[in-house]
Amino acid sequence: MTAEPILQIKELRTFFHTERGRVSPVDGVSLEVGKGEIVGIVGESGCGKSATAQSVLRLFDEKRLASYEGEIRYDGRDLLRLTPKQMRDVRGNEISMIFQDPLSSLNPVHTIGDQIVETLRLHRPIGKKEAATKTIELLRLTGIPAPERRAKEYPHQLSGGMRQRVMIAIALACEPQLLIADEPTTALDVTIQAQILELIQDLNRRLGMSVMLITHDLGVVAETCSRVVVMYLGQVVESGSVRDLFEKPLHPYTIGLMRSVPRLDGDRHQELPAVPGSVPPLHQTPPGCRFAPRCPYADDKCRSDLPELAALPGTDSQVRCWHAGRIAGLEATP
């Protein structure tokens, strides 16, 4: 970590109370986001990426559904120790989030402009006229053409890419220091995906805003992020710089993800190798290393003992694997 951290998550556990008992989609997660940095969170569906992001903002129902352990330190404060009212002041004001599906996140019976105005007036002591002027500026900032006209339209009148830009405008309304983008390009075509990612990078550079970018697309990470955190079944299994991860992945899961990425110099007729198996349900979490049932390196120790996330000597990465040294070639193969 080179930049001063704005977000430090330490041993975070999020518990859901279900009919089958208590499960933990976030199980001992530790990670940092530096000021002005874009950090990617990657992994398959069901690995805990979105649950981690929503836990940062404490979006789960804490009266009936969820409880937390650990620390989420934002700008020196532990968000888990704040009152519900204090958390409401943080959400959308200091930390904002872009969700996967903008159509379900926007209110269908209110215009785009009214929804941005509402966000501004909720967190800022400004009048309706000033908020309306700021709304047009935000729509223009996110690249929406004819913002005065678009502000009067409803979500269903906009394209998917345009709705996602509106979500970004709402997220930026109060100039947050940290933006959490949860699969912001899902269901968009490739051209619009590139535009949205370019917009997020541009806002990061111009505003100095930190970004936690959640995605399953390693190509997006390579183009956008400086560091990456790989998650599997609620835990961080590897973290480091994007360059290190792409040049020398250390965890068998990361290696499997990297091998499944199409290459321009590869045989287009050759079938891409997939990571064998699938992510198990939370109530069937295996003992020992979570990835052991799918891992080609797994032995009896892997199946019984859970490795810690630790720095690997000779590298700048952290990895959760008993055999990381052998995989990295730092120790002799037995």
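Arg150 is buried, with a relative accessible area of 17%; buried here means under 20% relative accessible area, exposed means over 50%, and partly exposed lies in between, with a 1.4 Å probe and protein chains only. The term salt bridge denotes a side-chain nitrogen of Lys or Arg within 4 Å of a carboxyl oxygen of Asp or Glu. Side chains of opposite charge can pair when their charged atoms come close.

The model is predicted: local features need pLDDT of at least 70 and side-chain atom pairs count only at pLDDT 80 or more, while totals for chains, interfaces and linings use all residues. Residues are numbered from 1 along each chain as its sequence is written, and side-chain values use heavy atoms, with hydrogens and water left out.

The structure holds 18 salt bridges. One of them joins Asp27 to Arg290, whose closest N and O atoms are 2.5 Å apart. This pair links distant parts of the chain, 263 residues apart: Asp27 belongs to strand S2 (residues 21–34), whereas Arg290 lies in the loop between helix H11 (252–259) and helix H12 (300–304). Helices (H or I, at least four residues) and strands (E, at least two) are DSSP runs, numbered from the N terminus. Asp27 is buried at a relative accessible area of 13%, and Arg290 is buried at 12%. Both residues also take part in a network of salt bridges that includes Glu11 and Arg13.

A further salt bridge connects Arg227 with Glu37, the closest N and O atoms being 2.7 Å apart. Arg227 counts as buried at 15% relative accessibility, and Glu37 is buried with a relative accessible area of 9%.

For Cys225, the nearest cysteine sulfur is that of Cys47, 17 Å away. Cys225 counts as buried, at 10% relative accessibility. For Cys295, the nearest cysteine sulfur belongs to Cys321 and is 6.1 Å away. Cys295 also counts as buried, at 17% relative accessibility.

Notes: A disulfide is a pair of cysteine sulfur atoms within 2.5 Å.
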